[in-house]
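This briefing summarises the computed geometry of the structure shown below. It is arranged by topic for quick reference.

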Amino acid sequence: AAAFKLGMAYEKGQGVARDRARARTNYVLAAESGHLKAMHNLAVMMVEDGGTKPDYTNAIPWFRKAAERGLRDSQYNLGVIHARGLGAGQNLTESFLWFSLAANQGDAEAAKKRDDVAARLDQQTLAAAKLAVQAWTAKPSDESVNAPRAKPEWQNVAVAPKKKQKK
């Protein structure tokens, strides 16, 4: 979690000089330890980094790892990638799956895109895709990495002694 937060600080230049290389290094560290938002942010950096050629080949696995564990934004991005055939061939069935899963979590734009993709699928393929959505379950994620909690004893704030008032 700390590496993710440090990555965000470097990416946005909050409290430190903006440094995308350091941001990426910290996102890799956090993503490799299982941090879902770090996986997503790392993949986004690979796709959008500094105007260079988008690296979908390396971004897709990170989007997929986060999406498979239920991260809505990564699910949406995989829907776009598969609909457009970015980094791999177009796969409308996969696109439908990921847009549907993001839409099921309240993403209105994903719902619109899911419906657009559905209109392009034949009835048999659409029925199979809908079954895949119904059968889908998220892989477990490590809560200690993604939602760390401070130890209870750390919650006790030390209280400074009261100053004596002068008479």
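Gln75 belongs to helix α5 (residues 72–84), where helices (H or I, at least four residues) and strands (E, at least two) are DSSP runs numbered from the N terminus. The model is predicted, so local features need pLDDT of at least 70 and side-chain atom pairs count only at pLDDT 80 or more, whereas totals for chains, interfaces and linings use all residues. Residues are numbered from 1 along each chain as its sequence is written, and side-chain values use heavy atoms, with hydrogens and water left out.

**Gln75 and its surroundings**

- Gln75 has a relative accessibility of 0% and therefore counts as buried; the term buried means under 20% relative accessible area, exposed means over 50%, and partly exposed lies in between (1.4 Å probe, protein chains only).
- Apart from neighbours within four places in sequence, Gln75 is in contact with Ala67, Gly70, Trp98, Phe99, Leu101, Ala102, Gln105 and Trp136; contact means heavy atoms within 4.5 Å.

**Overall architecture**

- The protein chain contains 10 helices and 0 strands, and the order of its elements from the N terminus is α-α-α-α-α-α-α-α-α-α.
- Of the 167 residues in the protein chain, 38% are buried.
- Among contacts in the protein chain with a separation of 6 or more, 49% involve residues 24 or more positions apart.

**Helices α1 and α2**

- The buried residues in α1 are Ala3, Phe4, Gly7, Ala9, Tyr10 and Glu11, and their cover includes α2 and α3 (36–48).
- Asn26 is located in helix α2 and has a relative accessible area of 12%, so Asn26 is buried.
- Not counting residues up to four places away in sequence, Asn26 touches Ala3, Leu6, Gly7 and Tyr10.

**Aromatic rings**

- Rings of Phe, Tyr and Trp (its six-membered ring) pair if their centres lie within 6.5 Å; planes under 30 degrees apart count as stacked, over 60 as edge-to-face and the rest as tilted.
- This rule gives 3 aromatic pairs.
- The ring centres of Phe4 and Tyr27 are 6.0 Å apart and the planes stand at 35°, so the pair is tilted.
- Because Phe4 lies in helix α1 (residues 2–12) and Tyr27 in helix α2 (residues 20–32), the pair ties together parts that are 23 residues apart in sequence.
- Phe4 counts as buried at 8% relative accessibility, and Tyr27 is buried with a relative accessible area of 0%.
- Lys65 is placed over the face of Trp62, 4.5 Å from the ring centre; a charge sits over a ring if NZ of Lys or CZ of Arg is within 6 Å of the ring centre and within 35 degrees of the ring normal.

**Largest pocket**

- On a 1 Å grid over the protein atoms alone, a pocket is an open set of points where a 1.4 Å probe fits, with protein on both sides within 12 Å along at least five of seven lines; lining residues have an atom within 4 Å of a point.
- The largest pocket has a volume of about 160 Å³, a volume being the space filled by probe spheres set on the points, which are joined across faces, edges and corners.
- Residues lining the largest pocket include Ala1, Phe4, Lys5, His35, Ser141 and Pro148.
- At least two lining residues of the largest pocket come from each of α1, α3 and α9 (143–146), and α9 gives the most, with 3 residues.
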